[in-house]
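Open the model in your viewer and keep the selection tool at hand. This tour goes stop by stop, from single residues to the sheet and the core.

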Amino acid sequence: MSHLIAPSILSGDFANLATDIEMLNQSDADWIHVDIMDGVFVPNISFGFPVMEAIKKYTSKPLDVHLMIIKPERYISRFKEAGASNLIVHIEACVHLNSTIQSIKQEGMRASVALNPHTAVNNLEDIIFDIDQVLIMAVNPGFGGQNFIEHTYRKIDKVRNLIEKTGSKTRIEVDGGVDLLNASKLIKVGADILVAGSAVFGSKNPFETIAALKKA
Ligand code: DX5
Ligand code: ZN
């Protein structure tokens, strides 16, 4: 299966969301990546349910919802109601990760676990079987437009080895600093899903950039 592209709406124009969503609807984007930040887990606040519900109203593309919040287990059913297809929680934010993952699946969403740049891949050993996706952060979460951390390639390779060793079906997603220069190398080392914010919305022609990322 070819890789998936999930543009991050965080880099979109919030005064003209409907226009950006309509562009994504027409584009090769597979999912729309939605970044939720609480100002506690990360040093920034993005947006919450009203904005997410507005996004959902304008698209039938699956919403890939990245929770950069503490205690995400408090809001699992609320995110389902707001239109999430995939729910991504940070391993660093979950005390009872297994239970949180089970709750996400019981709500009928795909369950994903995100790893900050400093979090070692071996933390996934006892959860890899239970999750649909792993999100490897290639920047410190909190802001769009940051520089890609080069060590990410080695991390993806380690996750790919773990998946192969255990025979799990988990897909690898990469988030942060993804652009047209590193996309093909990321796919080569084993990424299945690319998130891109500023590389898409900061480009002259976001629609064409998505098409180019899809062909990478
Ligand atoms: C960062 C977010 C990312 C961000 C990516 O904390 O999780 O999804 O929107 O933006 P770029 O692609 O600009 O790094
Ligand atoms: Zn994200």
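**Stop 1: Arg154.** Select Arg154. At 57% relative accessibility, Arg154 counts as exposed, because exposed means over 50% relative accessible area, buried under 20% and partly exposed in between (1.4 Å probe, protein chains only). Arg154 has its place in helix H5. Helices (H or I, at least four residues) and strands (E, at least two) are DSSP runs, numbered from the N terminus. Arg154 and Val189 are 35 residues apart in sequence, yet 8.2 Å apart in space, C-alpha to C-alpha.

A note before moving on. This is a predicted model, where local features need pLDDT of at least 70, side-chain atom pairs count only at pLDDT 80 or more, and totals for chains, interfaces and linings use all residues. Residues are numbered from 1 along each chain as its sequence is written, chains are lettered from A and ligands numbered from 1 in the order in which they are written, and side-chain values use heavy atoms, with hydrogens and water left out.

**Stop 2: Ala183.** Select Ala183, in helix H6 (residues 183-189). Is Ala183 buried or exposed? Ala183 is buried, with a relative accessible area of 0%. Leaving out residues up to four places away in sequence, Ala183 touches Leu194, Leu213 and Ala216. Contact here means heavy atoms within 4.5 Å. Then pick Val42. Ala183 and Val42 are 141 residues apart in sequence and 26 Å apart in space, C-alpha to C-alpha.

**Stop 3: the sheet.** Show the strands. Eight of them form an open sheet with parallel pairing, in the order E1-E8-E7-E6-E5-E4-E3-E2. Two strands pair if DSSP finds at least two bridges between them. At the edges are strand E1 (4-7) and strand E2 (32-37), each pairing on one side only. On average, neighbouring strands are turned by 25 degrees against each other, direction ignored.

Zoom in on strand E3 (residues 63-68) and strand E4 (residues 84-90). They pair in the parallel sense over five bridges. Leu63 stands opposite Ala84 in E4. Next, helix H4 (residues 97-106) packs on the sheet and touches E4 and strand E5 (110-115). The direction of H4 makes about 145 degrees with that of E5. Axes are lines fitted to C-alpha atoms, for helices over the stretch in contact, and angles run from 0 to 180 degrees between N-to-C directions.

Stay on E5. E4 and E5 also pair in the parallel sense, over five bridges. His90 stands opposite Ala114 in E5. E5 is mostly covered, with five of its six residues buried.

**Stop 4: the core.** Which residues have the most contacts inside the largest nonpolar core? Select Ile9, Val34, Val65, Phe79, Leu87, Leu124 and Leu186, within a core of 60 residues. Helix H5 (residues 152-166) gives the largest share, five residues. A nonpolar core is a set of buried Ala, Val, Leu, Ile, Met, Phe, Trp, Tyr and Cys residues joined through side-chain atoms within 4.5 Å. Centre on Leu186. Beyond its neighbours within four places in sequence, Leu186 is in contact with residues including Phe148, Tyr153 and Ile156. A second, separate core of ten residues includes Leu4, Trp31, Leu135 and Ile193.

**Stop 5: two helices.** Finish with helix H1 (residues 17-26) and helix H8 (residues 206-215). Their axes come within 10 Å and cross at roughly 35 degrees. Met23, Leu24 and Gln26 of H1 make the contact with Pro206, Phe207 and Ile210 of H8.
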